[in-house]
Structure formats: structure tokens, C-alpha cells
Amino acid sequence: MKVYLDNNATTIVDPAVFSEMEPYFVQRYGNPNSLHLFASETHPAIKDGMEKIYAGIHAPREDSVIITSCATESNNWVLKSIYFEYILTGKKNHIMVSEVEHPSVIATAKFIESMGAKVTYLPINHEGIIDPQTVRDNITENTALVSIMWANNETGAIFPIAEIGDICEEHNVLFHTDAVQAIGKTPVDVQAINVDYLTFSAHKFHGPKGVGALYVKKGKELIPLLHGGAQMGGYRSGTLNVPGIVGMGKAMEQAIDALEFEMTEVREMRDAFEDELLKIEDTFVVTPREKRTPNTILISFRGIEGESMLWDLNRAGIGASTGSACASEDLEANSVMEAIGAAEDLAHTAIRFSLSRYTTQEELDYTLETVKEAVKRLRGISSSYAYAPEGHKSGLDSHHH
Ligand code: PLP
């Protein structure tokens with residue numbers, strides 16, 4: 001059996017999305033900016049795709065949604081734009097990000113810091129969530145931007161974005177949120193909260209890879225990152241990714257249709273699976289489930305290296321993660337576990353299971369059995385599992401003597 005439980009890294013493309021995209025590769029392949037029939041054939045699809053994307057985040061027509069190549073680009077863009085607009089010009093010199101942002105925010109913040117910006121990395125609390133008060137406490141008159149994610153990719157923790165938006169508004173500070181992990185999992189409405197910039201990415205909600213977006217509220221400054229043929233209103237040059245726009249539009253429509261299902265059925269399956277996992281001794285989950293996206297579990301098995309567990313799961317055909325996909329190839333501790341100050345013996349033990357609307361009960365049953373076997377095997381050979389049930393403890397003792 002093959003089981004995919006790494007949906008926070010990427011998702012399967014919804015077949016309905018794929019079939020809508022297909023004609024725009026081999027039939028209607030014109031450059032939308034050309035002045036002939038091949039171009040005009042693409043225009044209705046672009047309009048339709050963009051309308052679905054606007055509708056998905058409830059963006060009014062007067063605001064901009066700019067299609068990018070990925071969320072990494074959108075995140076880079078906002079921070080670098082603020083650098084050019086505020087920091088380089090000397091208008092303001094300070095930005096704030098949470099310490100658990102995706103690397104595409106953290107690494108960009110570090111880069112602009114090296115260019116002279118002052119950056120505050122805001123801590124998370126013991127539940128893996130940012131307290132809005134820390135935003136308020138750290139705002140100064142020199143703060144140009146606050147960038148805080150809507151939902152965390154590793155824990156699924158949903159951050160208090162509405163309150164943070166209000167605080168920023170009150171202090172006349174621009175607010176960006178990385179909503180990559182929020183779309184399709186929790187309602188995202190740019191008119192319901194104070195937000196100036198919002199990032200998302202199609203491949204996280206059953207759309208194609210290589211298509212991201214940046215929402216920008218009317219009147220909020222943005223420096224073009226890519227200069228050239230002035231596509232996307234001059235904000236982002238480069239021939240439009242027609243199949244990508246079609247695919248993101250359809251994926252957004254499907255995600256909105258499936259939102260209720262995610263928030264009820266997927267959540268119930270996740271909760272039941274988590275209940276069973278937590279019956280295994282010495283297991284821990286950081287963020288309370290009601291404060292999480294419905295599909296995510298980050299769970300620690302004391303005494304077991306996350307990578308060892310992944311290996312056992314992988315051999316059984318199960319794809320999970322130790323945290324962000326970017327960290328999957330090294331043996332660093334999970335960054336959220338480090339940020340909450342998890343004891344050293346737990347920091348390396350986190351495994352992330354992320355479900356989707358395609359996950360089945362049968363897959364979760366099989367995964368649970370596999371996890372139980374892996375825990376038994378790995379704790380049996382673990383020298384660090386000194387907190388073990390009685391049998392293991394005596395085994396350890398005799399080993400030491
Ligand atoms: N932001 C978050 C919270 C993510 O989880 C990811 C995915 O890894 C990204 C940004 C980057 O997305 P993309 O692959 O579209 O660049």
C-alpha cells in the first residue's frame with residue numbers, strides 16, 4: 001500500500017484541475033499579449049481563472065492579485081519591495097517576522113538585514129502560536145512591515161491574524177501574511193481582516209506546481225521584482241502562465257467547494273487518528289487541535305529520531321515528514337520544536353502527518369499499525385529511551401552493567 005501523508009509539502013493535482021489545464025498546452029497555446037486569434041483564444045480562460053482566484057480569497061476588483069511562480073517568490077517580493085521602498089530610502093528601517101516563518105520569509109529577512117534592515121524575529125508561545133501582544137510590544141515608529149503566516153506548515157497552528165492585522169492598522173504598519181497553509185483549510189477572506197499583502201501557492205491546494213500569487217491591497221506600494229514586458233499591470237513581467245492561471249483558478253474553486261468537507265470530515269479523521277497515536281506511550285503534540293488547520297499533526301515519539309521513524313514508514317510505503325520539506329534532507333531539529341524550547345530529547349522526535357481530502361480511513365488504519373510497529377522496534381534499539389516502560393528500563397540497566 002502507498003499512503004501519502006505529506007500534503008503540507010505538496011498535494012496531488014485534482015483531476016478536474018488537470019483536465020481544465022490540458023487544452024492550454026497543446027491547443028490554445030498562444031501568447032496572451034500577441035495581437036492575433038491565437039492570443040484571443042486564451043483570454044476568456046485567463047479572465048475566468050483570475051475571477052475564481054479573486055473570489056476564493058474574497059478580493060475586491062480594485063485590489064490586485066498578481067500571479068507569480070511560487071509562494072517563495074511572493075514572500076521574497078514583499079520583503080524586498082519593503083526594502084527598496086522604506087529601508088533603502090531611509091523612510092523606516094524595521095520589519096518583524098515570526099521566528100517560525102517559512103524559510104522563504106526567514107532567509108529573505110536575513111538578506112535584507114544584511115543590507116541594513118533591522119529585523120525582529122518574534123517568538124511563539126508554548127502552544128506554538130504567536131501572541132498578538134508580542135507584535136504590539138515590538139512595533140516602533142520605524143516599523144515598516146509585519147510578516148506573520150496565517151497557518152504554520154509544521155504544526156498547523158493558526159495564528160491570530162485578525163488581531164495582528166488590527167494592531168498593524170492601528171500603528172500604520174503594513175501587514176503581510178503567508179497564507180500558503182490556510183487556503184482550503186480555513187476561511188481566508190481579505191476583506192474580513194486588515195491585510196495588505198497575502199501569499200498563496202496552487203500546489204498546496206491540489207493545483208499545479210510553479211504557480212503562486214500575491215494579493216496586494218489597492219494603494220499599497222509594491223516595487224516590480226521582474227522588469228520587462230509589463231505583464232500583470234507592470235507589476236510582474238514575463239509571459240503569462242496560462243495553464244497555470246487556469247489551474248490555480250480551478251483548484252481555488254474546488255478548494256472553496258471542499259472547505260466544509262476539510263473542516264468536518266478531514267478534521268474528524270485527523271482527530272480520530274491522532275487519538276490513536278496519542279494512546280502510544282510517551283507521545284506529545286504541541287498545538288491544541290482546535291487551534292490547528294484540520295489536516296495536520298506534528299507528533300513526538302520520545303526516544304525515537306524523527307528520521308528513523310520516517311525511514312520505517314517509507315519502507316512501508318508511507319510518505320510523511322519531520323517538518324518542512326526543505327529540512328527533510330538534513331538532521332537538524334525541527335525548527336518549531338526548537339522555537340518552543342522543547343527539551344533536547346524531544347526536539348528531534350517530531351513527525352508530521354498532513355492529510356488531504358483524498359486521504360482514506362483505510363490509509364490511516366494502515367499507517368497507525370505501521371507506526372505502532374515502528375515505535376516498538378525503534379524504542380527497542382534506542383539507547384536514549386530511558387523513560388521507557390518497565391521492561392525497557394530493566395533491559396537498559398542490564399545493558400549498562
Ligand atoms: N510558505 C509556507 C508556509 C509553505 O508551507 C511553503 C511550502 O513549502 C511555502 C511558503 C513555499 O511555497 P512554494 O513551494 O510555492 O514556493
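**Entry 1: strands and their partners**

I begin with a definition that I needed: two strands pair if DSSP finds at least two bridges between them. I also note at the outset that what I am reading is a predicted model.

With that in hand I looked up Phe200, and I found that its bridge partner in β8 is Ala213. Strand β8 covers residues 212-216, and it pairs with β7 in the antiparallel sense over five bridges. I then turned to strand β6, residues 174-178, which pairs with β7 in the parallel sense over three bridges. Here I wrote down that Asp178 stands opposite Thr199 in β7.

**Entry 2: the cover on β7**

How many residues of strand β7 are buried? I found that five of its five residues, 197-201, are buried, so I count the strand as mostly covered, taking buried to mean under 20% relative accessible area. I next checked which way the residues point, and Tyr197, Thr199 and Ser201 point one way from β7, whereas Leu198 and Phe200 point the other way. This reminded me that in a regular strand the side chains alternate between the two faces of the sheet.

**Entry 3: around the ligand**

I went on to the ligand and listed what surrounds it: the shell has 14 residues, and the closest are Thr72, Asp178, Gln181, Ser201 and Lys204. Two of these names were already in my notes, as Asp178 stands opposite Thr199 in β7 and Ser201 is one of the buried residues of β7. Sorting the shell by class, I found four nonpolar, eight polar and two charged residues. Which element gives the largest share of the shell? The answer I found is helix α5, residues 71-87, which contributes three residues.

I then looked up distances from ligand atoms to N or O atoms in side chains. A nitrogen atom of the ligand lies 2.6 Å from such an atom of Asp178, while an oxygen atom of the ligand is 2.9 Å from one in the side chain of His203. For His102, the distance from a ligand oxygen atom to a side-chain N or O atom is 3.1 Å. Taken alone the ligand exposes 390 Å², and I noted that the protein buries 88% of that.

**Entry 4: cysteines**

Are Cys70 and Cys168 buried or partly exposed? Cys70 has a relative accessible area of 25%, so I list Cys70 as partly exposed, whereas Cys168, with a relative accessible area of 1%, is buried. I reminded myself that a disulfide is a covalent bond between the sulfur atoms of two cysteines. My search of the whole structure found zero disulfides.

Methods
Residues numbered from 1 in each chain as written. Predicted model: local features only at pLDDT ≥ 70, side-chain atom pairs only at ≥ 80, totals over all residues. Heavy atoms only, no water. Near = heavy atom within 4 Å. Polar contact = N/O pair within 3.5 Å; in protein donor to acceptor, adjacent residues only side chain to side chain. Areas by Shrake-Rupley, 256 points an atom, 1.4 Å probe, with all protein chains shown as cover. Helix = DSSP H or I, 4+ residues; strand = E, 2+ residues; numbered from the N terminus. Nonpolar A, V, L, I, M, F, W, Y, C, P; charged D, E, K, R; others polar. Disulfide = S-S within 2.5 Å. Buried < 20%, exposed > 50% of the residue type's maximum accessible area, 1.4 Å probe, protein only.
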